[in-house]
Protein chains: 2
Amino acid sequence: MLDVLSYLMDRPGSWVSGEEMASSLGISRAAVWKQIQILRSRGYSILSSTRKGYLLAQVPDILDRRSITRALETGYLGRELHYQSETSSTNDLARSVVGSARNGAVVLSEIQTSGRGRLGREWLSPRGGVWMSLILKPNLPPALAPRINMAVGVALARTLSELYGLQVGIKWPNDLLVGEKKVCGILTEISAEMDRLNYVVVGVGINANLDGGAFPGLWNATSLQQELGRRVSREELIVRFLKEAERSLEDMTSDLEKVRQEWCLRSSTLNRLVRIELAGEELVGTARSIDQEGALLIETEEGTMRRVLAGDCIHLRPVKRDDQGR
Amino acid sequence: MLDVLSYLMDRPGSWVSGEEMASSLGISRAAVWKQIQILRSRGYSILSSTRKGYLLAQVPDILDRRSITRALETGYLGRELHYQSETSSTNDLARSVVGSARNGAVVLSEIQTSGRGRLGREWLSPRGGVWMSLILKPNLPPALAPRINMAVGVALARTLSELYGLQVGIKWPNDLLVGEKKVCGILTEISAEMDRLNYVVVGVGINANLDGGAFPGLWNATSLQQELGRRVSREELIVRFLKEAERSLEDMTSDLEKVRQEWCLRSSTLNRLVRIELAGEELVGTARSIDQEGALLIETEEGTMRRVLAGDCIHLRPVKRDDQGR
């Protein structure tokens, strides 16, 4: 069945005769017909004509590992591709295969049953989203891992902006917003010795083809489908993102300042009044920049600069003091 | 058998009548005798007298989980104790139990078959050494993990100095030397999100009761047994080290400067000419201090200060330039 699918996918928009396909694949015409029926039952729309043969008109919204692999435009990122229809979290799955995985391996799942955001928070991950993790094995000290987070954030913002023309802003440290609503999240996890990363797993969650019902009670989440009013090709999205991520990761090594500047340009946090919530502390001020270690530089109301490595960032509307959530 | 052993260990240096033991443990006197025989076959020296009963004269040099637990003087460190007679590496074993382990859990093994030092280097771990890992779950950002490395190094140096009167020096970042020879190594590994540690595994290897034959071809290794001319009680060593480590880890949170200063005092790297080998670079200078992030501060020959987070550190003898290994 997969052979027939591959054959048709290799000839997009073209009619293919059943006889030609049968002979090329070394199977009977009846076997071709049977596989066509199975593909249709799985959501593939395949036209048939007694004279012209078959034409693949539409593929269903499920991810196909081989189809993605064929479409990839990267050197190494995603060339090793793990796919599951369901997993607890792609970061967990990535960690379970990391020992034998190559640098740049990617893990994909249709559904995450225990998707996580930062600090163990829940991340809803129903069918229709893009839930994936990149496995990276860079030769970097762990203190520089936030650069990877920065590079992937930039790549993701660029992808959504260029593919769909969306106004996407990076919210420090690792969400992507449309307006004030989350459309993507990044969860970067590391395993390291004191002076060397063993590996980095970058979890990327994109609310792609999710309708409003996917976020019950979540006023601050949205999806590409909601913003665009249509479904998107998740395969196209994945392929483009991996290309942009590979580019940004390369920039990170050769020209970090370029990545930092693009982050600043695409940020929705900079030049805003923000509240940072740390373990036992709260800091209010205007976000002025990030540095090459991914730390946010905040100008407090007293005019001093504070460097913030970690914490929750809340975008405040600089309207009324009473309106700042306090 | 363990019941008889515990019964005897609870009464150190005392004769215990077989009848009393049998009745307390609810077993027959013949069963007591049988267990005594088994213990003797495992290396326990147990005296017996028809009138006085039994006396535990000497325990063999194997670690006993229950005996260590009884001797512990800590609040939380080592209270959860995992013991294996053999494992690949205690850091690997620690990672395999970390999900359900409590903060402060400790993993011990008599032998490591694939003991590792920094950067994946081999660490010989035959019977007679102390091979252990501490599982810590501190609420710290990953950039501060080197403080844990520093605190454990200080605790280990203090233990060896106070228990055995040895002149032990800490070689940056994480070896303990007697003279110029390694007697202990520390391998700290972390798992983290960008702004929060998930856990830290601190591997501690102590060349305790190893004779010279344990290090074929290693001119720069020694053991406590070689330095002291006698075997040591590994149980006493473990119990004392865990107590000192708990103290240093507490100091790390409440008074980091105290830990840093003790590190400096016990260091054999400071005020020495050193060569730091980084990925593509080499740096020669005098080690002047370490900072609170565990970075080494090097004064170069040109008089500038360099901050080194990672790298191999080679102690140079400041004798002749030709003699500096170049």
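The model is predicted. Chain A and chain B bury about 1900 Å² between them. Strand S8 of chain A pairs with strand S8 of chain B across the contact, and the two run antiparallel. Within chain B, S8(B) also pairs with S7(B) and with S9(B).

**Chain A overall**

- Chain A contains nine helices and 14 strands.
- Its C-alpha atoms fill a box of roughly 80 × 45 × 30 Å along the principal axes.
- Chain A has 326 residues, and 54% of them count as buried.
- Take the contacts in chain A between residues at least 6 apart in sequence: 61% of them join residues at least 24 apart.

**The interface between chains A and B**

- Each side is made up of 22 residues: 22 residues from chain A and 22 residues from chain B.
- Carbon and sulfur atoms account for 57% of the roughly 1900 Å² buried between the chains.
- Glu193(A), Met194(A) and Asp195(A) supply 34% of the area that chain A buries against chain B, more than any other three residues.
- Two salt bridges are counted between chain A and chain B.
- One salt bridge joins the side chains of Arg118(A) and Asp195(B), at 2.6 Å from N to O.
- Helix H6 (146-164) and strand S8 (181-193) of chain A each supply at least two residues of the side that touches chain B.
- S8(A) gives the largest share of that side, with seven residues.
- By class, the side of chain A that touches chain B has 10 nonpolar, seven polar and five charged residues.

**Strand pairing across the interface**

- Five bridges join S8(A) to S8(B), residues 181-193 of chain B.
- Ala192(A) stands opposite Ile190(B) in this pairing.
- Glu189(A) stands opposite Glu193(B) in S8(B).

**S8(B) and its neighbours in chain B**

- S8(B) is mostly covered, with 11 of its 13 residues buried.
- Strand S7 (residues 175-178) of chain B joins S8(B) through four bridges, in the antiparallel sense.
- Leu177(B) has Lys182(B) in S8(B) as its bridge partner.
- S7(B) and S8(B) form a hairpin with two residues between them.
- Gly179(B), in the turn of that hairpin, has a positive phi of about 65 degrees.
- Strand S9 (residues 197-206) of chain B pairs with S8(B) over nine bridges, also antiparallel.
- Gly185(B) has Gly205(B) in S9(B) as its bridge partner.
- S8(B) and S9(B) form a hairpin too, with three residues between them.

- Glu244(A) lies in helix H8 (residues 234-254) of chain A.
- Glu244(A) counts as buried because its relative accessible area is 4%, and the cut-off for buried is under 20%.
- Its side chain makes a polar contact of 2.7 Å with the side chain of Arg158(A).
- A polar contact of 2.9 Å joins the side chains of Glu244(A) and Arg240(A).
- Leaving out residues up to four places away in sequence, Glu244(A) touches Ala155(A), Arg158(A), Thr159(A) and Glu162(A).

Methods. Residues are numbered from 1 along each chain as its sequence is written. Chains are lettered from A and ligands numbered from 1 in the order in which they are written. This is a predicted model: local features need pLDDT of at least 70, side-chain atom pairs count only at pLDDT 80 or more; totals for chains, interfaces and linings use all residues. Side-chain values use heavy atoms; hydrogens and water are left out. Contact means heavy atoms within 4.5 Å. Buried area is the accessible area (1.4 Å probe) that two parts lose on being put together, summed over both. A salt bridge is a side-chain nitrogen of Lys or Arg within 4 Å of a carboxyl oxygen of Asp or Glu. Ala, Val, Leu, Ile, Met, Phe, Trp, Tyr, Cys and Pro count as nonpolar, Asp, Glu, Lys and Arg as charged, and the others, Gly among them, as polar. Two strands pair if DSSP finds at least two bridges between them. Buried means under 20% relative accessible area, exposed over 50%, partly exposed in between (1.4 Å probe, protein chains only). A polar contact is a pair of N or O atoms within 3.5 Å; within protein, one must be able to donate a hydrogen and the other to accept it, and residues adjacent in sequence count only if both atoms are side-chain atoms.
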